[in-house]
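User: I have a chain open on my screen and would like to go through it. Can you take my questions as they come?

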Amino acid sequence: MMQKYPIHKLAKDLKKDNKEVKSQEIMDILTKYGHPPKNHMQPLTNQELSIVFEYLTQHNQIADVAQVYAEGPKQEEKPA
């Protein structure tokens, strides 16, 4: 059974630099790879999820793993 994972939920769950990825960013990625535009409430197919994850993985790579260890662990921001 395939679970429904809407675009807005994926956008909320993916965080970049302590900021949420916007639903529009996800829709832009899908459009770039030939998928028709969707409403942010529509669920993604497995293929669409794979495209988004592959794109984000390829475009968020770091140059050197040593950078990660040199920076140390990131502090979690506490809500106000």
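Analyst: Start with a term: a residue counts as buried if its relative accessible area is under 20%. By that cut-off, 25% of the 80 residues of the chain are buried. Keep in mind that this is a predicted model.

User: OK. How many helices and strands are there in the chain?

Analyst: The chain has 4 helices and 2 strands. Going along the sequence, they come in the pattern α-β-β-α-α-α.

User: And of the contacts between residues at least 6 apart in sequence, what share joins residues at least 24 apart?

Analyst: That share is 44%.

User: Let's look at α2 and α3. At what angle do they pack?

Analyst: The angle is about 100 degrees, and the axes of α2 and α3 are 10 Å apart. An angle from 65 to 115 degrees counts as roughly perpendicular, so α2 is roughly perpendicular to α3.

User: Which residues meet there?

Analyst: From α2 there are I26, I29, L30 and K32, and they meet E48, I51, V52, Y55 and L56 of α3. In this contact of α2 with α3, 7 residues are nonpolar, 2 are charged and none is polar.

User: How many aromatic pairs does a search of the whole structure find?

Analyst: The search finds 1 aromatic pair. The ring centres of Y33 and Y55 are 6.2 Å apart and the ring planes stand at 75 degrees, so this pair is edge-to-face.

User: Why edge-to-face?

Analyst: Because planes over 60 degrees apart count as edge-to-face, and here the angle is 75 degrees.

User: Where do Y33 and Y55 lie?

Analyst: Y33 is in the loop between α2 (23–32) and α3 (46–59), while Y55 is in helix α3, so the pair ties together parts that are 22 residues apart in sequence. Y33 itself is partly exposed, at a relative accessible area of 45%.

User: Back to α2. What does S23 touch?

Analyst: S23 belongs to helix α2. S23 touches I7, H8, A11 and H40, again without residues up to four places away in sequence. With 19% relative accessibility, S23 counts as buried.

User: What about T31? Where is its place?

Analyst: T31 is in helix α2 as well. T31 counts as partly exposed, with 40% relative accessibility. A polar atom of the T31 side chain lies 2.8 Å from the backbone oxygen of M27.

User: Last one, D13. Which side chain does its side chain make a polar contact with?

Analyst: The partner is the side chain of Y5, and the distance is 2.6 Å. D13 is in helix α1, which covers residues 7–13. The relative accessibility of D13 is 39%, so D13 counts as partly exposed.

How values were computed
Residues numbered from 1 in each chain as written. Predicted model: local features only at pLDDT ≥ 70, side-chain atom pairs only at ≥ 80, totals over all residues. Heavy atoms only, no water. Phe/Tyr/Trp six-rings, centres within 6.5 Å; stacked < 30°, edge-to-face > 60°. Buried < 20%, exposed > 50% of the residue type's maximum accessible area, 1.4 Å probe, protein only. Axes fitted to C-alpha atoms, helices over the stretch in contact; angles between N-to-C directions. Parallel < 35°, antiparallel > 145°, perpendicular 65-115°, else oblique. Contact = heavy atoms within 4.5 Å. Nonpolar A, V, L, I, M, F, W, Y, C, P; charged D, E, K, R; others polar. Polar contact = N/O pair within 3.5 Å; in protein donor to acceptor, adjacent residues only side chain to side chain.
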